[in-house]
Amino acid sequence: MVNAAKDSLENPKDPAKQLKLHDAARALKKAADRAAEASVPKNDEKIMRDAEERAKDAIARIRAAAQKGDKPGMQKGFKDLRKAGDDFQKAYRRRRGPINFLPKSGEEDPLAELKKLWDKFGVNRDKLLEDPKNPKNLDNFNNWADKLKKVQDKAVDQVGAKKIAPIQDVEDAIKHLEDGVRRSDPAAVTQAAKDLIDRANKLNKHVDSEPDTAVKQRLQKTLAPVKDLIADTVNKAKESLQEPNNPDKKKRVKEAADRLRYPLAQAKNQWVPEPAKEAAEKVAKAKADVADVKDALRGGDPNKLKDAIAKLGDSLGNAGKQLKKTAGTAGLAPWKKQQLQRAGDNLDNLAEKIKKTPPTDKLVVEDLADHIGEQLDNVLQAIDSEEKDELIRAKAKAKSIMASIKATADDMDPMSLLECAQDLSGYLGSMMNLSMDWAKNQANEGPLTDKARAALDLDDLLRQIENTKVDDAPVNTESLDALLASLNELNEPSAPVPQVVTGTFEDVVAEVAIEVKKSVVKHKGNKESKDVADALQELANAARAGKRQQMIVSGRAISAHIQQFIKQLKDLSDRVASKNPMYQDRLIRYTHTLKNYATQMKIMISVKASSIERDADADESLASITRGLGQMMTEALNTTEIVKVTILKEPL
């Protein structure tokens, strides 16, 4: 990224250098996110199984030390036992959440039993440490330990932990293999490959021990491809080690690993069927189909690519349908319902996009496949996420992005600024859903605090903005900025960042409108590009006159005209594809960036129109987006002229 930044500074007007820096920053962000997620507990069934074994081992050591009167040995055993017990309870509590498990009516709750047992732990421990030779103290501890074993066994059986844990062992080995490939570490890859083969063999033996013949046969059939998929994944890992600087080799390892994960996800859902596991299975199928699309792109067979795209579209649709079905699970928290519903809607939209993408647009297909893969990873994380983890993650990322935008808005390239704005809106949305649930729960318990009332008011405002139609009256409520300020407990105070103000928002929009019009004349642009400039001028006029409703109308008009301009760029990229792939790629990138600008402009203008007070920071952010739009329009018009005159030889 440092090298890309250096090239960007040396060539500030070269769009290719700016795009290269954007891609490098995006790759670094993904790597940082992987590191952050590594600390989040996963595989609760495996944690439960391993914690139960650690507890048994610690109990055995405590008993042996007590027989010898070895108090240091007993203290070490009690410490290990307490840690194992805590890990078991935390994993069990997560695993039996409403998305996965609801206790049957009248069934005694193992979680409550565990709490009672651990409440008595300190008394038994202290008495045994005080007098380990007293048979009564040892008997009391043994009785306590026997009860603990029974309750833990019950909890393990209740959630199918011993069935699922061996599958998670294989999944962990796959992840370790991928990590070794990322680091180009031969020793790590070799060890992970050995672990992967060994754990797969243990899984097969575990399946063979299943007493239900029908279940066993179904699992054996599902897991039959695993052996060949492991061989393919390991071979691709070896190839990557031979060419450590070849990023495509690393990508192929991930694609092979995604194919391998699919039958494992199937097996988990078959062995312990649940809505969440079925959703994860459908998402895993879509990830495997993404890998097939990328393979087909490399192969060059248009029919295979067409079939692979169709399969991916179908699997995305199935995953979206199952996520929305899972969102209807009884007892599910409102924030989780909304999270899964949004994820399902997102996959439905992606399914529609990939199905409509012609196989001949290979660069578009490849870019979309990469995006779909990232979104599917996010969905898998959303399926298992907890409220507390989700809120902490959303808050941290929102604060980070806000700081980044404030510090670098003037110098940040438009694509990076836009991506930050989109990420920020997503994470603030997650925070809002979670704070809304909390505020509503508090409303049921008593008077609202100022913070809870602010959360409810802000939610009402955002819903009004989202649902406002062109003919509706402007939203009449408190200032959005004032409401956000009343939620400042979510953000720690920080030193103010100096803002470089080069004019009001209205001045910037008017200036950009003039620049776009000049570019239209200079590069002989089409009607669509002129319409964008006219709509920008109308927005500036409406903002100066304080006509909020007209601002919303102008914002939507800008978005609509940009979409028409994008269609012209797509048509041009199709015509230049066989003659100059480099310019085709550049035009495609313009369409993606302009589409994002269209969406962001519409949303941010609606928010500004609904705010009573002027906010310099908000105006500057919107002005930066507008400047970026103007810059991208100018570059696109310039490239369009070059393509038509020098490549297609068309008269202007």
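Which residues form one aromatic cluster? In this predicted model, where local features need pLDDT of at least 70, side-chain atom pairs count only at pLDDT 80 or more, and totals for chains, interfaces and linings use all residues, the cluster is formed by Phe 78, Trp 118, Phe 121, Phe 141 and Trp 144. Residues are numbered from 1 along each chain as its sequence is written, and side-chain values use heavy atoms, with hydrogens and water left out.

A search of the whole structure finds seven aromatic pairs, a pair being two rings of Phe, Tyr or Trp (its six-membered ring) with centres within 6.5 Å, classed as stacked for planes under 30 degrees apart, edge-to-face over 60 and tilted for the rest. The ring centres of Trp 118 and Phe 121 are 5.0 Å apart and their planes lie at 55°, so this pair is tilted; both residues are buried (under 20% relative accessible area, with a 1.4 Å probe and protein chains only). For Phe 141 and Trp 144, the centres are 6.0 Å apart and the planes at 20°, so the pair is stacked. These two residues, also both buried, are three residues apart in helix α7 (residues 135-159) and are therefore separated by about one helical turn.

Elsewhere, the charged end of Arg 586 sits over the ring of Tyr 583, 5.3 Å from its centre (the criterion for Arg being CZ within 6 Å of the ring centre and within 35 degrees of the ring normal).

Of the 652 residues of the protein, 46% count as buried.

Note on methods. Buried < 20%, exposed > 50% of the residue type's maximum accessible area, 1.4 Å probe, protein only. Helix = DSSP H or I, 4+ residues; strand = E, 2+ residues; numbered from the N terminus.
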